[in-house]
Structure formats: C-alpha cells, structure tokens
Amino acid sequence: MKKIFVLVSLLSVKIISAQNTIVLNADKGKDIINKNIYGHFAEHLGHCIYGGFYIGDSNKTIPHKDGVRLDVIDALKKLKVPVLRWPGGCFADTYHWKDGVGPKKERPSMLNVWWGNVKEDNSFGTNEFLNMCELLGAEPYLSGNVGSGTPQELSDWIKYTTHPNSSSPMTDYRQKNGRPNPWKVKFWGLGNEAWGCGGNMKVEYYANIYRQYATFMTDWNNSDKIYRIASGASDDDYHWTEVLMKELPAGMFDALGLHHYSVINWSKKGSATDFSEEEYFTTMKKALQMEELVTKHSAIMDKYDPQKKKHLAVDEWGGWYDVEPGTNGAFLFQQNTMRDAVLAGATLNIFNNHCDRVKMANLAQIINVLQAVILTKEEKLVLTPTYHVMEMYNVHQGATMLPVEVASNKYILGKHTLTAVWASASKDKNGATHISLVNVNAKQAQNVSININGASYKTVTGRILTSDKMQNYNSFENPNKIVPAAYSGAQLNGSKLSLNIPPYSVVVLELK
Ligand code: AHR
C-alpha cells in the first residue's frame, strides 16, 4: 500500500510538473504597449548602413531609391518598424553631422575609429537617413554627439532638421540642401554609453553635461515637442539610474536609456551557430535577466516618479557572439539561429509586460550587425529567425496589454534552472486578443493550460516559429529554412485553452 502511494505521488508530481498554467486576465487591460518597443537601431558599423541600407545612388544592379535598397525597405515595412535609432552607438559620439550634409562630392571623409578604422565618406548623412525613415514609415531617433561634440552642434542639428523654414541659418541651409520643409524628429538621445565609449564619464559628471546640452536643445520654435533620452545605465548599474533620476530636472528629460546585451563572456563569446546546450542556456540566462533589470531600474524610477511620466528606453539589446569566420572582427557580422528567435520572443514578452514604464526598445542592430533582422550579401537578402519573431509579434504594437500570471516549469541544466515558459498578451483595436508564448527549454516540449478570465472567445488560430535544431538558421543558400507556419495545436474549450509548445519555439495565438 505504501509503495502504491509513493508511486501515485511520484506520478502526480510528474504530471503536475509537465503542465504549465497561465491565467489570462482579459478584463484587466490598462496600459498600451507602445509600438516603439518594437524599435530598431542602425549604426555606421560594418555593413549596417553601407551595403545594408545604402548602396549608393549610382548602383545599377540592385533596385534602389536614392541609393537605399528597395528590397530592404519592403521587408522592413512588413515588420512595421516604428522607430529607428541612428547614427550610433559608439559612432554617434564621434559623428559631426555637418560633415554628412550638402553636395556629396564636398563632404569630408573620416576614419570610423570605433569600428575597424575604415573610411567613412559621409555619403549617407542626415538627409539620406531622414528621407529613408519617411520611406520606411518609421520615426527617426537621432543620437546626438555629447562625447566629442558641442551644445551648439546639437542645437544646430535640431534647427536643421525640425525648425520652420527661414527661422535660422540652419533652416536656410536645409533648404539649400534640397529639403523644402522640416522633417519630423521627436526622439533625441544625449550621448551614447556616456559611462564608456561616449566619454568614460562618471554619472555625476554626465548629469551636469546632460543639463548643459539639454538647455540648448530648445524646441520653442517647433510644434512637435522634443523627447529627450538620457544615456542610461549599463546592465545592473542601478547607481547610474538613481543619480540621473535625482539630478536631471523633470522638464529636461523624457526617458532614461538602458543597454543590455546577452553575451556569454566578453572575452569568449562563442560561435553564433555552432554552440552547445550549455552555451544556449547561458545566453538565455543573460537574456532573461532583462526581467530583473527592467523591474529594478523601474523600481528606482518609481521612487522619484511614481506616476511613471518618465520612461525607460532599452535602446540597445540583443545577442552578441563571435563574428562569422572570415569576416572583419570589427564589423560584428553574426548569423542568427533559433536561439536568437527564442531570445527575441522572451525579451519582447518582458517588455510588453512592463509597458507601463518601458516605452521604447531598439534591437541591436537592424541589418548585418549583431542580432540583425536582415542579412545582405550583394543582391541577396535573408530574413533571419529574429525578423520572423518581430513580424509575428507586431500584432502587439499599440494594443492594450492584458496581464498574464504564468506558473511555469523549470528548464534544468545541471545545477542551474531557468523559467521555461514566457508569455504576454494584448487586445488590439479590433477586439482580437493575441498571446505570445516562448518555450525556452531546449529539450522538452511544454504543455500549457491557459485559464481565461473576463472574456469569452469563439475561435483560436496561431502561428509558430520552430525548427528541428536550435542551431538552424536561414542562409543565403537556403533563406527559407526557418519561416513561420500555421499552428493548429491550440484547443479552446470554454474558458480553457490548451497547447503544446515544442522546445526552443515561439508561438503567437489569436483569439476572437
Ligand atoms: O551595438 C554595438 C555597440 O555596442 C554600440 O556601438 C555601443 O553603444 C554598444 O557598446
């Protein structure tokens, strides 16, 4: 009898642990998922701009508009890129925007000292970038040079780009350079990684510099209010956030940045494609740390700003591995596997769930650099697994976040554990509810039971991104190895939804 009892207990433990449960609070939606959480980042680094977006206006082999690749624009329009940060990164604090405007023949060249000392001929500058954003339907986010620039230079950039015609020598200069009217540029960064490549400053010093620069970023002559983003903390540097919240006058900033890369070890990052389960696990551990980072930085901000008027902009995030063999080490060109799809899906769920404070995030970087959504090689173009996750998740952009309570199994490797299932949900303007789910576990599929509170639905449909190996990727030779597929594995039974998610997979469900 005792033996039978033990067996039954063990079995029930196994059954319970095989089941993940989620409560979907469909009637508790309050906060909007800002579409800018699905933002991107483009730096003058490797082949992100040159060879990625821009191929020059005399190119005869690849279709383009004013030198900007049209296949790239088409693919990014499908992604609904809401905001694009430019020109860096570390590059931003070496960039002098006036070198990149006016007749191309007269633009001076410089060395790109952060990224391989290659020649930067400034043929892609402010006009090219802002016109490209208009083509893309994305809002620009200009990252100002605070590290080696001047307040005057940044103030002039604002006038050149946004002030009404004939209001300053800068607006006359804009017209002379062929742009009849101002662009719309709301988002401005004041330096990048001020604690590192942006000047190696202490936060107390940066706070003063910030106040000086912000003072001269007047938008008094401009109908669109400027949104200022301070160079934020690296990872868990909570002191940085604390000092900025304390020292920056409320009227002078709108958001603090935060940078967090999922890197195994800065001196040995490992291959992007040829990795072990241990390496996968460590990458995921670093990625999932985003939950703690966002929670703790937000808690500090809450002390000074309980009404959450100031935002967190995670303006660099993503996976960082060794460059592809045979490529320039300074160009940060890496492939993109199912590991990256899982990383992106889980991170975006974290941002969605924290949308009361996180109003922007910018994946690093959009083309050919780090966790790119597009890879290009001459006329060829590949959409990465990360692209497909961003496309599947774009249903959340601008939707009302529905809180979920997730009781997940553990993903165990040796002595270490991670939460296996990560989810978020939202209701869009047409009344459809979307739930995005990620199974981080590399070995075991997860049964998930979702209890729906506060709404009733008639149908469920879905899409899945999965592959038979987590190291799989889309190559120039086989660009469609990993693409989203219709998913019919979810069963709706009254207020209960059940599904099974394969290992390292991403699922998005639609309930109507
Ligand atoms: O994204 C690559 C680099 O990483 C950026 O230039 C810098 O801001 C960060 O350290």
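Analyst: On a 1 Å grid over the protein atoms alone, a pocket is an open set of points where a 1.4 Å probe fits, with protein on both sides within 12 Å along at least five of seven lines; its lining residues have an atom within 4 Å of a point. The model is predicted, so local features need pLDDT of at least 70 and side-chain atom pairs pLDDT 80 or more, while totals for chains, interfaces and linings use all residues. Residues are numbered from 1 along each chain as its sequence is written, and side-chain values use heavy atoms, leaving out hydrogens and water.

User: Where does the ligand sit?

Analyst: A molecule sits in a pocket if more than half of its atoms lie within 2 Å of the pocket's grid points. By that test, the ligand sits in the largest pocket.

User: Which residues lie nearest the centre of the largest pocket?

Analyst: This pocket has a lining of 22 residues. That lining divides into 10 nonpolar, seven polar and five charged residues (Asp, Glu, Lys and Arg count as charged; Gly is among the polar ones). Nearest the centre are Glu 193, Trp 195, Tyr 261, Trp 266 and Trp 320.

User: Which element gives the largest share of that lining?

Analyst: Strands here are DSSP runs (E, at least two residues), and helices are runs of H or I with at least four. β11 (255-262) and α8 (277-304) each give two or more residues to the lining of the largest pocket. The largest share, three residues, comes from β11.

User: How far from an oxygen atom of the ligand is a polar side-chain atom of Glu 193?

Analyst: Polar contacts pair N or O atoms within 3.5 Å. Glu 43 has a polar side-chain atom 2.7 Å from a ligand oxygen, and a backbone N or O atom of Cys 90 lies 2.9 Å from one. For the side chain of Glu 193, the distance is 2.7 Å.

User: Is phi of Glu 193 positive or negative?

Analyst: Most residues other than glycine have a negative phi. Glu 193, in the loop between β9 (187-190) and α6 (203-215), has a phi near 40 degrees, which is positive.

User: Which residue does a cis peptide bond join to Gly 88?

Analyst: Most peptide bonds are trans. The bond from Ala 364 to Gln 365 is cis, with omega near -10 degrees, and Gln 365 is in the loop between β13 (358-364) and β14 (374-377). The cis partner of Gly 88, with omega about 20 degrees, is Gly 89.

Notes
A polar contact is a pair of N or O atoms within 3.5 Å; within protein, one must be able to donate a hydrogen and the other to accept it, and residues adjacent in sequence count only if both atoms are side-chain atoms.
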